[in-house]
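Visitor: I am new here. Please show me the structure, and then let me ask how you know what you say.

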Amino acid sequence: MTAQNLMNPNPVTLRPTDTVATAATHILTHRLRHLPVVDDQGRYLGTFSIYSLLRLTLPKAVIMEEGLRDVSFTTETIDGLARRLRERGSEPVGQWLSQDDPVMHPDTPTMEVMLLMLRGRTTSVPVVDQHSNRLEGIIAFWDVLEKLLVETR
Amino acid sequence: MHDSGEIASAGSMWLAAVLFVITYAVVMSERVNRAIVALVAAGLMIILGVLNQEAAIRGIDFNTIGLLTGMMVIVAITRQSGVFQFLAIWSAKKVNANPWGILVMISLVTAVTSAFLDNVTTVLLVVPVTLLITEELKVNPYPYLFSMIFSSNIGGTATLIGDPPNIMIGSATGLTFNDFGYHLAPVILVIMAVTLLPIYLIWGRKLKATVEDRQRVMQFNEFEAITDWRLLKQCLSVIGLVVFGFIFAKWLRLEAATIAIFGAAALLLLVNLGKSADEQSKHVLAAFNEVEWITIFFFVGLFIVVHGVDSTGLLKVLAEKMIALTGGNLSATAVIILWSSAILSAIIDNIPFVATMIPLIKAMAPSFGGPEGLMPLWWALSLGACLGGNGTLIGASANLVVAGFAERAGQPIRFMQYTLMAFPIMLLSIAISTVYLFWRYL
């Protein structure tokens, strides 16, 4: 069994031009942690995740490399943070993608899939064609667990 | 036999000169890490027979190395206490979160901190808070970052321990912490004030923030920035004692490296008291890991290379040439050293430059009535080399650190854009230094 058999071949995807607000709605309504972003040809560009949303909400001085390690001196309320996120709602998701998350290929073995999830501390991994870079599907941890618990009985 | 000895020494002078020029060129090209370049060149000085190992080690100024390392350990521990963030927020609130007021206050905090601790650490810790404040105020961070670059280099010039050139000059000449304060601090105060003037005219008067945004900064609780009060007290006590040691070094008959290393050891002892052996190892290792070993080994290699060149008599020849050029006139020599070191330090690393200039200036002693007569030249070298670093983005390492932050904050500082503003302001500070040197010494 390989990634091909584990993946959901029709995941919810975003275009880089979709807005942050759209992405946030998808994340909230489907309770998804990671949304793959593809271009017009269906090529995988990166992932917009709940972590992208957290980064968007926080000031740059906090999230940047070597930025503030501790902001316990701030007193910003949830309203303030909500406003910050709202102000950025119309920005395209394209510039907030994480590109260094692990990806798999259709022929990646199951054990490698699980190892990637464990090492990357991620619950879903995109499956991408090696040559065309097309997004073929996405494997959520739940799909793997289901196969482990249910289908092997 | 005599002849061949002469030839060998002329040969080694050439060899040393060639090695020296190549070292400079490769360091400037930035293609190879500067510590590697300096150590390879130092090794070649020995292997090719310009120096033997004993002479090479004599060339290393361990007082400079010790002072740098000791202060780096002290700073590595102190930064964890959150005191730098505290100072930045506290100063911002003192001026009611007024944008121009904050710029002035943050610049002063940067200058004073840089005078006592190294510039890179200072900006590394103060820039993120500043960026948070400018983000809250919705003002352009550029003038703040610009001013911080200048403040860190200007502040660093004021004391013996503020900037590596001063550490090297102090160590090589025996000039004390108090000498530096007495001779340099007055002109530094003037330069700091005058530098803020163009920054105000260009950007400062246009900085505006709404009442609500200012209110958000006013609501910061600076005391929450202190992550560990016990640690803070320990660090401030040790830093206080170290500065006391520097001030009274002459009476205590102690050299700077002893004071700094002993301070580092005492602080390590204090923070590790009562911890298990395992935890102690972890803490000590973490503190040592923060020492900038690249800088330290760069110094080691460079001292050997410069000593190699010096031992062949080449620098003496150059010193004589320079004196011939100025006709043995002290004022002319001081002005040439001040301006050339300023302009060169804006383009190249000031550390190798100062390391070379020190033996060169020392060799001028006979022409100016002994070591005492060289005083104005040391101050010219210090002011030129430290302040010159402001001229371009690559003039000092603190500049590059600030530029890195600006880039990551999405407000990149462009090389030419920076130079066009900074170079004239740097020249202004050198002009003030010239007037000061004439007024006080020449």
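Visitor: What makes both faces of strand β3 of chain A count as covered?

Guide: A residue is buried if 20 or more other C-beta atoms lie within 10 Å of its own, exposed if 12 or fewer, and partly exposed in between, with C-beta atoms placed from the backbone. On one side of β3(A), A:Ser124, A:Pro126 and A:Val128 are buried.

Visitor: Why is β3(A) called largely enclosed?

Guide: Five of its five residues, 124-128, are buried, so the rest of the structure largely encloses β3(A). This is a predicted model: local features need pLDDT of at least 70, side-chain atom pairs count only at pLDDT 80 or more, and totals for chains, interfaces and linings use all residues. Residues are numbered from 1 along each chain as its sequence is written, while chains are lettered from A and ligands numbered from 1 in the order in which they are written.

Visitor: How do you know that β3(A) is joined to strand β4 of chain A?

Guide: Strands pair if DSSP finds at least two bridges between them. Here five bridges join β3(A) to β4(A), residues 135-140, and the two run antiparallel. A:Val128 stands opposite A:Leu135 in β4(A). The two strands form a hairpin with six residues between them. In the turn, A:Asn133 has a positive phi of about 65°.

Visitor: Which residues of the largest nonpolar core touch the most other members?

Guide: A nonpolar core is a set of buried Ala, Val, Leu, Ile, Met, Phe, Trp, Tyr and Cys residues joined through C-beta atoms within 7 Å. The largest has 144 residues, and B:Met45, B:Val126, B:Val305, B:Val354, B:Leu381 and B:Val402 touch the most other members. Helix α7 of chain B, residues 119-137, gives the largest share, ten residues. Apart from this core lies another, of 24 residues, including A:Val125.

Notes. Helix = DSSP H or I, 4+ residues; strand = E, 2+ residues; numbered from the N terminus.
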